Amino acid sequence: MEPLRPVPRTLLRERAYAAIRDAIVAGEIEPGAVVRDADLAERLGLSRAPVREAFARLVDEGLLESKPQSYTRVTAVVAGDVRDAAAVVGAMHELVTRAAVPRLFAADVEAMRAANARFGAAVDAGDVEGALHADDELHDVLVRVSGNRAAAATVARYTPLIRRLERRRFGEGGTCRSAGLHDRLIAACAAGDVDEAVRVTAEIWRTLADLADSDD
């Protein structure tokens, strides 16, 4: 039997990053909580090196803050930061929507409809995690079809800042974004109406800026 190949370091780093990011976004590691590389490495079954690399990335992305030789902790949810992130992410979604709509196939539109159905079912069930995951799936169709890797990377970087506030507000009894806006977006995409799809996309992401404003 051939010996197993070692797992590439980049995969370990990505695993640590994704796990810690998701725990922060979901509120499993709360704002202000001090995080230690040794503790999280043990919980994740990893060495400390990929966890430290994940910490550095999360500091750069605004989910952690660090004081050398003192602490690394989860940042507070700051409305202004969320508002800025929503503006950037919204602009990227408008960009990819404009590029993607003329390239969509029927299967892509059906994937959006299926994601929206899951979104609506999750909202009705009070499943915040499921609703936000389905929301990501719907918009990710347009990101993927656009082929714009720079926009995709920007969306992936800044969306977690927005999701933290969304999850907190929904946990306090707020409501998820209306599936009706998704219906309008999907209809515009199916009709090949680029301008309408971009208008609805802008409206969807304005609701997130409004969410941040209401949290000031």
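1. A word to start with: two residues are in contact when heavy atoms lie within 4.5 Å. In that sense, and leaving aside its neighbours within four places in sequence, Cys189 is in contact with Val101, Leu104, Met112, Leu142 and Ala197.

2. Please keep in mind that this is a predicted model, where local features need pLDDT of at least 70, side-chain atom pairs count only at pLDDT 80 or more, and totals for chains, interfaces and linings use all residues. Residues are numbered from 1 along each chain as its sequence is written, and side-chain values use heavy atoms, with hydrogens and water left out.

3. Now to the open spaces: the largest pocket has a volume of about 550 Å³. Of its 22 lining residues, Arg21, Asp22, Asp136, Thr159 and Arg163 are the closest to its centre. Helix α6 (128-146) gives the most to this lining, with nine residues.

4. What classes of residue make up the lining of the largest pocket? There are nine nonpolar, four polar and nine charged residues.

5. The second largest pocket holds about 160 Å³ of space. Its lining includes Ile24, Pro31, Val77 and Arg168, and α7 gives the most, with three residues.

Conventions. On a 1 Å grid over the protein atoms alone, a cavity is a set of points where a 1.4 Å probe fits but cannot get out, and a pocket is an open set with protein on both sides within 12 Å along at least five of seven lines; lining residues have an atom within 4 Å of a point. Grid points are joined across faces, edges and corners, and a volume is the space filled by probe spheres set on the points. Helices (H or I, at least four residues) and strands (E, at least two) are DSSP runs, numbered from the N terminus. Ala, Val, Leu, Ile, Met, Phe, Trp, Tyr, Cys and Pro count as nonpolar, Asp, Glu, Lys and Arg as charged, and the others, Gly among them, as polar.
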